[in-house]
Amino acid sequence: MQYMLLCCFDEGRWAAMPEAQKCQVMQEYDEFLQSIVKSGHFRASAKLHPTSLATTVCEQHGKRMITDGPFAETKEQLGGFHIIECQDLDEALAIAGRIPTLRVGGVIEVRPVVPPSER
Amino acid sequence: MNLGELHRREYGRILASLIRMVRDFDLAEDALQEAFAAALAQWPAQGPPQNPVAWLITTARHKAIDQLRRRALADRTRDNLAALVAPEEDVPVPLDWLRLIFTCCHPALAPEAQVALTLRTICGLSTEEIARAFLVPVPTLAQRLVRAKAKIRGARIPYEVPEDDELAKRLDTVLAVVYLVFNEGYAASFGAELVRADLCKEAIRLGRLLVELLPAEREPKGLLALMLLHDARRATRTDDEGAIVLLEDQDRSRWDRVKIAEGAALVVQALRGRPLSAYAVQAAIAALHAQAPSAGETDWRQIAALYSVLVGIQPSPVVELNRAVAIAMADGLEHGLALLDTIHLPGYHLLPAARADLLRRLGRHAEAAAAYRQALALVTNTAERRFLEWRLAEVTRPAS
């Protein structure tokens with residue numbers, strides 16, 4: 001079963017963090033990623049630019065609209081994601097619990113991916 | 001044993017085994033329902049089978065296979081049915097029961113869903129019974145169950161007892177659910193509604209099973225002790241009209257001595273070893289109350305000391321409030337009153353109520369009346385309101 005880990009954090013808080021601490025977190029992040037590649041859980045990953053570079057497309061009254069910024073103004077913003085292969089939710093939660101940004105206020109949403117056979 | 005009683009006692013254990021065999025909550029539930037229906041139709045005429053539980057498991061398993069067969073015919077993609085259903089066993093396995101409760105109380109489920117699912121699957125209460133007990137509309141409760149089961153299936157919440165280091169954390173959630181069920185029944189017993197008193201019984205039954213199946217864990221013992229010691233006094237907490245009777249005025253001869261003895265023995269075990277659990281300390285306090293021959297002989301000093309320990313484990317203004325009251329009783333009312341003034345608990349009626357009570361005991365009636373009025377402005381429970389009004393009348397009555 002595949003799970004997507006949606007990694008969210010407060011961009012403002014991240015930007016305000018001392019450079020040394022950011023480096024430390026990023027280094028731990030590399031180690032985390034290597035470890036899930038090695039353990040065979042890793043399927044895909046992406047790191048996103050901040051929401052200041054986001055553009056939202058939607059349709060209103062049949063008209064295509066393009067707006068600057070993310071689709072929802074929230075305290076935490078999506079900063080990246082991972083797709084991992086796990087036995088069950090507990091295994092996915094255990095891996096999510098090792099993500100280094102958790103210690104600097106990050107939150108991880110864990111969502112099961114619909115298998116191709118059920119799409 | 002009649003069928004109703006069998007349903008009450010064995011439903012959760014049988015269901016737990018069936019869920020493991022068929023790996024599907026709904027399928028297992030439907031199959032067990034059908035098996036009970038078959039029993040209801042056959043047993044009265046033919047007499048009950050020698051081993052009713054084994055009969056129910058076997059019958060339910062066959063019903064589940066029938067159901068799977070019908071589904072397979074419908075979608076034709078599944079041909080190997082036997083592989084879908086684990087080999088037959090006709091004895092409930094205790095481990096299955098534990099697996100089921102850990103699944104029902106998985107932290108990935110909302111707390112109200114954990115409670116509903118536990119009562120529905122482990123205790124075998126009907127959706128209507130649970131809805132009535134928690135004062136929510138039946139469709140709301142049914143929806144809660146459907147969503148919880150969909151999440152178990154869709155997100156693949158495992159059907160397993162967690163491993164050692166996870167066990168303690170996950171056990172906390174299980175115990176919290178059990179205690180919530182108990183409190184719901186206990187707090188509501190003012191209303192003397194039978195369904196809700198049943199919640200206490202169910203919670204105690206769950207507590208007993210956890211103690212039995214996790215003998216190495218101390219926390220379930222503490223919780224069971226706490227529930228037994230509270231429940232032992234349940235009948236004397238209200239009078240015939242449903243009005244509150246305070247601990248000091250309760251008829252101690254009507255307390256359930258068997259439950260108190262059982263609870264007290266469990267407290268001793270629960271207090272062995274460190275760290276102490278909040279349940280064990282609360283149970284120790286309840287045991288001191290329950291074992292005092294009279295209200296006047298209550299060991300308030302010891303109780304105050306235990307509340308100090310509890311503040312360390314579970315710091316909260318409510319615990320500090322209780323500690324202040326115990327200190328008032330042990331070391332003097334003024335002392336307790338001064339402590340109460342340091343507690344910040346806006347909107348909580350029991351803080352002014354406790355102040356009022358200490359002031360009343362000190363004979364400072366005008367101040368007591370003001371505090372009772374503050375408490376009355378915040379209280380929501382009808383029985384508690386009546387009690388506070390009665391006290392207010394008492395302290396405002398002209399001296400004779």
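Trainee: How many helices and how many strands are there in chain B?

Mentor: Helices (H or I, at least four residues) and strands (E, at least two) are DSSP runs, numbered from the N terminus. In chain B there are 19 helices and zero strands. Please note that this is a predicted model, in which local features need pLDDT of at least 70 and side-chain atom pairs count only at pLDDT 80 or more, while totals for chains, interfaces and linings use all residues. Residues are numbered from 1 along each chain as its sequence is written, and chains are lettered from A and ligands numbered from 1 in the order in which they are written.

Trainee: What scores does the model have, and what pLDDT does chain B average?

Mentor: The pLDDT is the predictor's confidence in each residue, from 0 to 100. Chain B averages 89, and 93% of its residues score at least 70. The model as a whole has ipTM 0.84 and pTM 0.84.

Trainee: Into which domains is chain B divided?

Mentor: Domain bounds come from an automatic or database domain assignment. For chain B they give domain 1 (3–92), domain 2 (295–344) and domain 3 (346–400). Taken over C-alpha atoms, the centres of domain 2 and domain 3 of chain B are 19 Å apart.

Trainee: How many residues does each of domain 2 and domain 3 of chain B give to their contact?

Mentor: Two residues are in contact if their C-beta atoms, placed from the backbone, lie within 7 Å. Here domain 2 of chain B supplies nine residues and domain 3 of chain B eight residues. On the domain 2 side, α15 (317–331) and α16 (333–340) of chain B are the elements that give two or more residues, and α16(B) has the largest share, with four residues. For the make-up of such a side, Ala, Val, Leu, Ile, Met, Phe, Trp, Tyr, Cys and Pro count as nonpolar, Asp, Glu, Lys and Arg as charged, and the others, Gly among them, as polar. The domain 2 side that touches domain 3 in chain B has seven nonpolar, two polar and no charged residues.

Trainee: How many residues does each chain give to the contact of chain A with chain B?

Mentor: Chain B contributes six residues and chain A five residues. The chain B side divides into four nonpolar, one polar and one charged.

Trainee: In what order do the elements of chain A run?

Mentor: From the N terminus on, the order is β-α-α-β-β-β-β-α-β, made up of three helices and six strands.

Trainee: Which strands of the sheet in chain A stand at the edges?

Mentor: Two strands pair if DSSP finds at least two bridges between them. In chain A an open sheet of four strands has the order β2-β5-β1-β6, with antiparallel pairing. Its edges are β2 (42–47) and β6 (107–112) of chain A; each has a single partner strand, so one side of each is left without a neighbour in the sheet. The pairing of β2(A) with β5 (residues 77–85) of chain A is antiparallel over five bridges. Phe42(A) is opposite Ile84(A), and Ser45(A) is opposite His82(A).

Trainee: How many residues of β2(A) are buried?

Mentor: A residue is buried if 20 or more other C-beta atoms lie within 10 Å of its own, exposed if 12 or fewer, and partly exposed in between, with C-beta atoms placed from the backbone. Of the six residues of β2(A) zero are buried, so the strand lies largely in the open. Over the 119 residues of chain A, 13% count as buried; for the 400 residues of chain B the figure is 40%.
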